[in-house]
Amino acid sequence: MKTQNGYNCLSRKIFILPVLLIAFSCAHITAQTIKVKNTLSRERISLNEKWFFYKYDSNTKTDDLIYDVRPEINNFYDGVPADTKPTEAENTKTHNAVLKPWILPSGNDFIKDISKQHTRPDGNPGKDFSFVQKKFDDKEWEVVNLPHDWAIKGPFYEGVNPKVGGGMGRLPSHGVAWYRKKITFTDDDKDKSIFLDVDGAMSYAIVWLNGNLVGGWPYGYSSWRLDLTSYILPGEVNQLAIRLDNPNNSSRWYPGGGIYRNVWLTKTNKINVAHLGTFITTPEVSKENALIKYEVTIDNDSKYDADIKTDTQIFALDENGKKRGKAAASFEPIDILIAPGESKKVESLVRLKNPKLWGPHPTQTPNLYAAVTTLWQKSKKIDEYETKFGIRSLGFDPKNGLYVNDELIKFKGVNQHHDLGALGAAFNTRAAERQLEILQEMGCNAIRMAHNPPAPELLELTDKMGFLVVDEVFDSWILKKTPYDFHLIFPDWYEQDLRAMIRRDRNNPSVVMWSYGNEVGEQYTDSKGAAIAKQLHEIIKEEDTTRPTTSAMNWAKPDMPFPEVMDVIGLNYQGEGIRQSPEFEGTERIRTAPQYSAFFTKFPDKVIYSAETASAASSRGVYLFPVTKENSSTIRENKGGDSKIHHVSSYELYAVDFGSSADKVFASLDKHPFVAGEFVWNGFDYIGEPTPYYDARSSYTGIIDLAGFKKDRFYLYQSRWRTELPMAHIIPHWNWQNRLGEITPVHVFTSGNEAELFLNGNSLGKKMKAQYEYRLRWDDVKYEPGELKVIAYKNGKKWSENSVRTTGEAETLEMLPDRNAIYDNGKDLAFITIEVKDKNGLTVPTAENKIKIIVTGGGELAATDNGDPTNFVPFPSNEREAFSGMMLAIVRSIPNDKTPINITAKSNGLIESKIVIRKKNN
């Protein structure tokens, strides 16, 4: 039984207190040439502004500064089912011209065994290449700001045999590109340690400074640091150059391309808190007090012994992340002697009375604290380092699931890929926040990061907003899913990438589990695959004993060695059963009987949860007939799917071959109450992987479409996850002029338990949900125009009502902004929904009018979308058709411009709409 910094699956007494370094003292410099001043003990300077960017044309031969040789591809098709068995890697031979030997040492800090760390070879590859040299004239290159996704502007590759297939979103994310930026250091900086911090670059990043090869990092989802100290030229202009090489056929979804997260320059004194050098846990937590354990690692990069005193104070934070008043607690100062070139870790304990606990919404409050560590040398402050964290306990009970602060919390979760719809992979805090707000409105309380480390700012948001997080690192190991995926670098980089993720994220209170793999091919390789899993599990435990490990399994069964390794059993679709209908008998596809009970019997001491459920599909606002009588169906022609228009019916009963409808999943979970909950595949539609129609651009499986518009499934999940919310939702819309007198089934999602349906004032009967039923169905309704109205009841009392009406012809446009004012920092966004209305103000659900957006004043149009997965109009376009009566415009503020933003929506034959978005100080 673990009681200190650990968890106890049986007793529910697992105690954890994660923490995160989020912010240093920051200065944001916007000029192209950054002038770095020596003013603070630690500075973190944004390098996001005004990079010079060049991408080789796809038909142009690129340079030969490659990380490593890649195998040739033969007959790869990216439209195979998502659960296709991974295959063996192809053999390749490395030659002496590759840069891999110079890049591998960049990860040495994350390799525990010193004997396995890499020695940098002699030489300076690339020094003579013009793009890395200071004298190269890059003024003809494109000027971009980071985060930057070079592919999102398109154009899409349409038609058959596209250069980039539907799996990767038909966008030009592949290719080789360069980023260049000038930085000026002062003479004082010669006595500093200087670091480049990259939160994410897609992919195979290689960095030069002043013509010197510094290092790099191949995995596009990792955050990484390079030490620039020995390469800077104080008092001069310094030239930074970064090469990226993003291969085609490297992902099962849209990866984006470019430096798509933030980049920072960090300056410290020679004696400093190490990179990702703090870790806070809470061995004991109660409402009355919390025991806080603090670890900090200190580096001495100087040439002399250093007598250092560490002093750490804890501050409560307000809703805006600002410190509240005086310190809530202080650790005893510690004196330490550090030899030159050494690192030392110090530990300390303090007890905090009446702590404000971190917990998930809606039943708890996500309170946060900050630990501020100051290093002193001879009474002089030489470093200050802030770590944000939350105080909370976790308990894992195999018979019930997860307990947070002794309250049972079932996962009501979704899986999320990393793109932000029409904005692509380039991270934007407001866009991510909007997604989380919509999910929280649905009742979602948990996010599984599919299938890679997220942007650090996304975890800041989940901390602040009170989400639970499963932090995942890899989609593949040694066996491959696509020809150029992570399997090419797994043998050399798995330890570095895994440790880097954990050290970066282990202080985030929202993170409750570490996932070391998703549906990896090693499930099939018996003890060999289990041995790799054990390696990854042990690395995680070396870094963090306070959270359990997990891995998502779509194949491994209870009697196999693979699930024995993980602390928590993660199942993908196996709980409900996979391909159990007769049509799959005799096929080579995965077929699995329902597995919850089998795993529970085999592993009675382990928590079980569904890492992926459902994978149901739909196109928002599209309803196809006939409607299945089943509660879950595969998608076939004239059975929920239409291959001519590439759409799936929004009756929300249809799923991919290996999946199930939400209704079927709910029943399976209710029949197995020991399951800790679910993570639905998936929250938002994402670019790429458009099962079942790979001629499209984006997925169909989101509960919310790519534009952020709610599909009908949103309300089905809301009816289950927010049972206290009075709500009722009717499907389909009621504009069916071509179905007069025909059977048009009507379904109702409600948090009540019974409802009565009316058509034009005439009752069509009252129905009550039976056990394991989650919708109310009137399947014999004959269409006539007018009004459908539902009155829902709960426990015999009126609970909620709703209606849908047949609309008139489209007459006007209406714009609905998510906010009426945005910050003038050049990053904040307004998301504006444009709806096509009739003369009575009803949204016309079949409208496809082409709409033009005009933006003037202190903003600019960032992108548009309509949520249609078959639409190939480039996202930056200011014109596109409405889809099911709706369209989205995303408007970005212009920095330091106080002018209000004027937005006009126009469409031929319709009354235009105008709104004004105010600007506010950042």
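Two strands pair if DSSP finds at least two bridges between them; helices (H or I, at least four residues) and strands (E, at least two) are DSSP runs, numbered from the N terminus. The model is predicted: local features need pLDDT of at least 70, side-chain atom pairs count only at pLDDT 80 or more, and totals for chains, interfaces and linings use all residues. Residues are numbered from 1 along each chain as its sequence is written, and side-chain values use heavy atoms, with hydrogens and water left out.

**View A. Three strands form an open sheet in the order β39-β40-β43.** The pairing is antiparallel. Strands β39 (728-731) and β43 (776-778) are the edges, each pairing on one side only. From one strand to the next, the twist averages 20° (axes are lines fitted to C-alpha atoms, for helices over the stretch in contact, and angles run from 0 to 180 degrees between N-to-C directions).

**View B. Helix α9 (residues 712-721) packs on this sheet.** The helix touches β39 and β40, where contact means heavy atoms within 4.5 Å. Its direction makes about 45° with that of β40.

**View C. Strand β40 (residues 746-750) pairs with β43.** Three bridges join these antiparallel strands. Val748 lies opposite Leu776 of β43.

**View D. Strand β44 (residues 787-794) pairs with strand β41 (residues 754-759).** The two are antiparallel, with six bridges. Glu754 has Tyr793 of β44 as its bridge partner.

**View E. A hairpin is formed by β44 and β45.** Strand β45 (residues 797-805) runs antiparallel to β44 over eight bridges. Ile791 stands opposite Glu801 of β45. Two residues separate the strands, and Asn795 in the turn has a positive phi of about 55°.
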